[in-house]
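This report describes helix packing and ligand contacts in the structure shown below.

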Amino acid sequence: MQHRIIVLGAGYSGAIAAGRLAKRLRRQDVAITLVNAEPDFVERVRMHQLAVGQELKPRPLRGVFAGTGVELKLAKVTSVDVDRKTVAVESAEGATELPYDTLVYALGSAWNTQGVPGAAEHAHEIASRPGALRLRERLAALDAGGTVAVVGAGLTGVEAATEIAETRRDLDVTLVARGELGDWLSPKGRAHLRKVCGRLGITVREHTAVTGVAADRVTTGDGAAVPAAVTVWTTGFAVHPIAEASALETTGTGRITVDATMRSVSHPDVYSVGDAAMAMGPGGKPLRMSCATGVPMAWQAADAIAARLTGRKLPSTAPRYYNQCISLGRKEGIIQYVTADDRAVKAALTGRPAAFYKEVVCKGAAWGVANPTLGMPTRRHPVEHPQPAPAEAAAEASA
Ligand SMILES: Cc1cc2nc3c(=O)[nH]c(=O)nc-3n(C[C@H](O)[C@H](O)[C@H](O)COP(=O)(O)OP(=O)(O)OC[C@H]3O[C@@H](n4cnc5c(N)ncnc54)[C@H](O)[C@@H]3O)c2cc1C
């Protein structure tokens, strides 16, 4: 009898978890199914590039997982029943339920309007491919002198504003920051960010909260209006509501609470990785939503699942931070070195070498997804205690 592992979501964390599981466990012992709504892997870290008209390499998931031992199911997950151990999905073949023995929940996240009036109606998002493509169309239609406001000056906002300003030097780009520009960076990183924004002609409005969005402007806490024919909203991510609607223990924001092995604290046969999970990092600080932590979380979960199924030692290396890689258009960047718990240290790499480094990191992450089992050491041990599905267990018990 095979142990059924279902991985939900084929983004950075889900795809990598599925590939690693296939490499860690024997095919005759497990059936690994990867469920994803879209047929292609979406390189979310490049959505600002897609939005300004750059073409991204297509990566069809069918080709990626062919011959790996992972079965791909193209379907939209609509709910998870962790008591019955089933996932409800809708696909071209209709609605159905998939039973599992172990679930890996990696459905990622979407944009977060934070309830600001007008944002959902008028602002653009770059957290998803459809959102980035809509913005791309809108930017392409904007005449010279057109106004763009990027709201939120975190990593995504800074990358979006600089990418737009570099590609469209004829537009009037404003970056709205709640605090000081780059206040989480080292003095060197902060100075470089300010220099590049200045060079690209970006107007930076610091210590400004946006309180409303209209079709042609954003309004700020002090009652001012910033002209914006296009508003790009980048104030963080929100998770899909599926986990919160289940019996899983989640945080107030709907992320699944997991332990150091990425296992749900309420349901031991459920694991969660990537943006969907709330895991603690070094120093007891929550890991932030990022590809940088989603990938090691996926390794951790896959290794822990394989260890538990095969009666081996649990992984002991916890995800940690090394640097923050920030693109500032295609020619500029900042690699901000950080402590294990993500605080900036003095050292930072800037300029073209940083842009090159960031490009290598993005390519490396996509390569890891596109080659989910290549180059990974094979350590397949037999599954010791395959757990029967509830229906089979009931049948066995009554026999
Ligand atoms: C513009 C931009 C730039 C970024 N830059 C960086 C960066 O430089 N460094 C960094 O570390 N992070 C960066 N991030 C954040 C990073 O992209 C995310 O943290 C990362 O993608 C999370 O990975 P994930 O696997 O959890 O989710 P995702 O990559 O979002 O994958 C989730 C998958 O689940 C699928 N899915 C969702 N809902 C359903 C459903 N109901 N049914 C079926 N399938 C579904 C999606 O189609 C997707 O394939 C950036 C994000 C953006 C938007």
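## Helices H1 and H8

The crossing of H1 and H8 is right-handed, the term for a near helix turned clockwise from the far one by less than a right angle, with anticlockwise giving left-handed. The model is predicted: local features need pLDDT of at least 70 and side-chain atom pairs count only at pLDDT 80 or more, whereas totals for chains, interfaces and linings use all residues. Residues are numbered from 1 along each chain as its sequence is written, and side-chain values use heavy atoms, with hydrogens and water left out.

The axes of H1 (residues 12-24) and H8 (residues 291-310) come within 8 Å and cross at roughly 30°. H1 is therefore roughly parallel to H8, a class for angles under 35 degrees, with over 145 being roughly antiparallel, 65 to 115 roughly perpendicular and the rest oblique. Axes are lines fitted to C-alpha atoms, for helices over the stretch in contact, and angles run from 0 to 180 degrees between N-to-C directions. Helices are DSSP runs (H or I, at least four residues) numbered from the N terminus.

Contact (heavy atoms within 4.5 Å) involves, among others, Tyr 12, Ile 16 and Arg 20 in H1 and Val 295, Trp 299 and Asp 303 in H8.

## Helices H1 and H9

H1 and H9 (residues 352-370) pack at an angle of about 45°, with their axes 8 Å apart. H1 is therefore oblique to H9, and their crossing is left-handed. Tyr 12, Ala 15 and Ile 16 of H1 meet Ala 365, Gly 368 and Val 369 of H9.

## Ligand surroundings

Of the 32 residues around the ligand (a heavy atom within 4 Å), Ser 13, Arg 44, Val 77, Ala 292 and Lys 358 come nearest.

Polar contacts are pairs of N or O atoms within 3.5 Å. A side-chain N or O atom of Asp 275 is 2.8 Å from a ligand oxygen atom. Backbone atoms also take part: an N or O atom of Cys 291 lies 2.9 Å from a ligand oxygen atom, and a polar backbone atom of Ala 292 is 2.8 Å from an oxygen atom of the ligand.

Terms used:
Helices (H or I, at least four residues) and strands (E, at least two) are DSSP runs, numbered from the N terminus. A polar contact is a pair of N or O atoms within 3.5 Å; within protein, one must be able to donate a hydrogen and the other to accept it, and residues adjacent in sequence count only if both atoms are side-chain atoms.
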